[in-house]
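Please look over the notes below with the structure open beside them. They go point by point.

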Amino acid sequence: MGTLVGPVLSAFTTSKDRPLFPSPTASLPSSKPHLTTSRKIHHHEINTSRFGNFLHLKPESKPGCLDSDLPWFNPSDRPCFDVIIIGTGPGGLRLAEQVSQYGIKVCCVDPSPLSFWPNNYGVWVDEFESLGLVECLDKIWPMTCVYIDDHKTKYLDRPYGRVSRKILKTKLLENYVSNSVKFHKAKVWQVKHEEFESTIQCDDGSELKASLIVDASDFSSSFIEYDKPRNYGYQIAHGILAEVDSHPFDLDKMVLMDWRDSHLGNEPYFRVNNSKLATFLYAMPFDSNLIFLEETSLVSRPVLSYSEIKRRMEARLRHLGIRVRRVIEDEKCLIPMGGPLPRIPQNVMAIGGISRVVHPSTGYMVAQTMALAPLVAEAIAECLGSTRMIRGRPLYHKVWNGLWPIERRLSREFCCFGMETLLKLDLVGTRNFFEAFFDLDPYYWHGFLSSRLSLHELASFSLSLFGHASNSSRLDIMSKCPVPLVRMLGNLALQVI
């Protein structure tokens with residue numbers, strides 16, 4: 001709504017899309033799963049969580065693996081490939097799928113290639129429909145809603161879906177055998193470069209070579225270089241997939257954002273802090289007793305305390321009368337947003353969060369990564385799939401500019417300006433902003449959230465948003481945003497030059 005200093009991220013599992021705002025839930029079937037536990041433990045959990053205190057409950061679901069036989073790399077074979085992809089998250093597998101269709105030799109390297117992805121992904125249904133991936137959604141809500149405050153609610157006629165991590169990963173792996181993709185179960189420690197070839201060194205002592213190395217690992221990777229200070233904003237969230245006694249949400253509506261703060265009425269410390277740096281609830285109700293709940297700080301700098309996120313969530317659920325009986329799964333998200341792009345070009349290519357395709361204003365990423373992977377694959381194929389075998393610096397230039405052409409870089413600068421604007425708004429300003437935002441023509445707010453607007457359309461979007469804003473919101477924007485605006489215009493000029 002995920003390159004960051006490693007020690008900071010090591011305490012979190014980073015959401016690879018986040019979703020917008022938060023991420024959605026686990027790979028459970030759409031129907032309520034059969035859950036068992038002892039009566040003694042169950043009774044204890046009901047008693048101890050009746051006051052909203054669910055934080056002591058341990059998630060019952062353990063990370064699993066796909067039951068699949070991958071085509072493994074044989075160390076006795078020649079360790080040379082056209083492309084090596086580090087990481088088997090959604091971005092890495094999607095790129096491997098697309099590149100291998102051109103007959104290019106690909107090897108994916110990951111410590112646990114068959115493990116389920118740790119975080120949950122939510123997407124707008126039309127995004128996955130356009131990608132031919134709608135069958136990978138295991139739950140669809142026909143509408144979404146946004147609680148602006150206790151008196152105003154926006155109902156959005158745009159279906160939202162929960163991605164089945166199991167189905168999506170299985171689909172991406174379907175054609176790997178026929179396309180000769182290999183997998184190597186190891187952690188990459190080092191990447192070394194020569195003029196036309198690079199070598200990875202793994203923790204098992206193996207070395208593999210390729211014309212192109214692609215980093216599709218997490219945000220803490222050290223293989224991608226930057227030449228500007230990484231002044232990120234941070235999205236942080238705590239989420240649970242829970243069995244509850246009941247909840248107040250409509251089953252046909254996904255709660256995109258709940259900005260109400262009445263739950264902090266008896267929590268003066270949290271209420272004061274929330275008025276300055278607000279958090280919201282993101283909720284996906286599956287049935288009357290199964291729901292995914294996530295308390296989220298949309299963006300902050302420095303990052304909001306994770307313990308405060310959890311305590312605010314505890315107070316909110318208590319106020320809503322949501323008694324958590326069992327925590328099936330929990331989720332900890334920390335996503336660096338905005339900041340500079342990696343140095344373009346450079347010897348290692350990137351895809352996914354480490355390539356900075358995460359939406360700077362929302363944290364959305366999975367659908368965007370799925371959409372961009374074919375473009376990057378096409379650029380790779382034009383170099384490595386040709387009889388000329390274009391390698392080295394011309395290859396790096398081609399693939400990096402395939403991912404980040406000038407138009408996309410300029411659009412991203414605008415979205416970074418959006419993030420900087422949100423950073424300066426308090427709770428009242430944030431509510432006013434989203435009230436105006438969701439009053440826009442759906443073409444604009446759909447396009448902005450899905451990274452579909454051109455730079456010209458983003459300019460029209462801004463004018464329309466300003467026109468829909470209240471007078472107080474306009475004053476808020478004009479008084480707090482001159483510095484980010486000047487910075488954006490300067491960055492746009494540098495990109496064009």
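1. Basis. This is a predicted model, in which local features need pLDDT of at least 70 and side-chain atom pairs count only at pLDDT 80 or more, while totals for chains, interfaces and linings use all residues. Residues are numbered from 1 along each chain as its sequence is written, and side-chain values use heavy atoms, with hydrogens and water left out.

2. Overall chain. The protein chain holds 15 helices and 17 strands; these are DSSP runs numbered from the N terminus (helices H or I, at least four residues; strands E, at least two). Of its 497 residues, 57% count as buried, where buried means under 20% relative accessible area, exposed over 50%, and partly exposed in between (1.4 Å probe, protein chains only). The chain exposes about 20200 Å², and carbon and sulfur atoms supply 54% of that area. Accessible areas come from the Shrake-Rupley method with a 1.4 Å probe; for residues, only the protein chains shown count as cover.

3. Helix H8. Its 19 residues (366-384) should span 27 Å at 1.5 Å a residue, and the end C-alpha atoms are 26 Å apart, which agrees. The expected span is 1.5 Å times one less than the number of residues. H8 bends by about 30° at Leu372, with a proline, Pro374, following within four residues. The bend is the angle between axes fitted to the seven residues ending at a residue and the seven starting there. Of the 19 residues in H8, 14 are buried.

4. Pro360. This residue sits in the loop between strand S17 (348-350) and H8. Pro360 is buried, because its relative accessible area is 4%. Beyond its neighbours within four places in sequence, Pro360 contacts Met337, Gly338, Arg412, Cys415, Cys416 and Met419; contact means heavy atoms within 4.5 Å. Pro360 and Gly338 are 22 residues apart in sequence, with 4.4 Å between their C-alpha atoms.

5. Gly64. The loop between helix H2 (39-49) and strand S1 (80-86) contains Gly64. At a relative accessible area of 22%, Gly64 is partly exposed. Leaving out residues up to four places away in sequence, Gly64 touches Leu114, Ser115 and Phe116. Its C-alpha atom is 8.9 Å from that of Trp117, 53 residues apart along the chain.

6. Salt bridges. How many salt bridges does a search of the whole structure find? The search finds 26, each being a side-chain nitrogen of Lys or Arg within 4 Å of a carboxyl oxygen of Asp or Glu. One of them joins Arg318 and Glu267 (3.7 Å, N to O). That pair links distant parts of the chain, 51 residues apart: Arg318 is in helix H7 (306-320), and Glu267 is in the loop between strand S13 (253-258) and helix H6 (268-276). Arg318 is partly exposed at 37% relative accessibility, as is Glu267 at 24%.

7. Helix H7. Arg312 and Glu308 form a salt bridge (2.7 Å, N to O). Both lie in H7, four residues apart, about one turn of the helix. An α-helix has 3.6 residues a turn, so residues three or four places apart point the same way. Arg312 and Glu308 are both buried.

8. Further charged groups. Asp258, Arg260, Glu295 and Arg316 are linked in a network of salt bridges. Lys332 and Asp330 also pair (3.2 Å, N to O).

9. Surface patch. Phe466, Leu475 and Met478 form a nonpolar surface patch with about 300 Å² of accessible area together. Patches are made of residues with over 30% relative accessible area and no salt bridge; like charges are joined within 9 Å, and nonpolar side chains (Val, Leu, Ile, Met, Phe, Trp, Tyr) within 5 Å. Leu475 belongs to helix H14 (471-480) and is exposed, with a relative accessible area of 55%.
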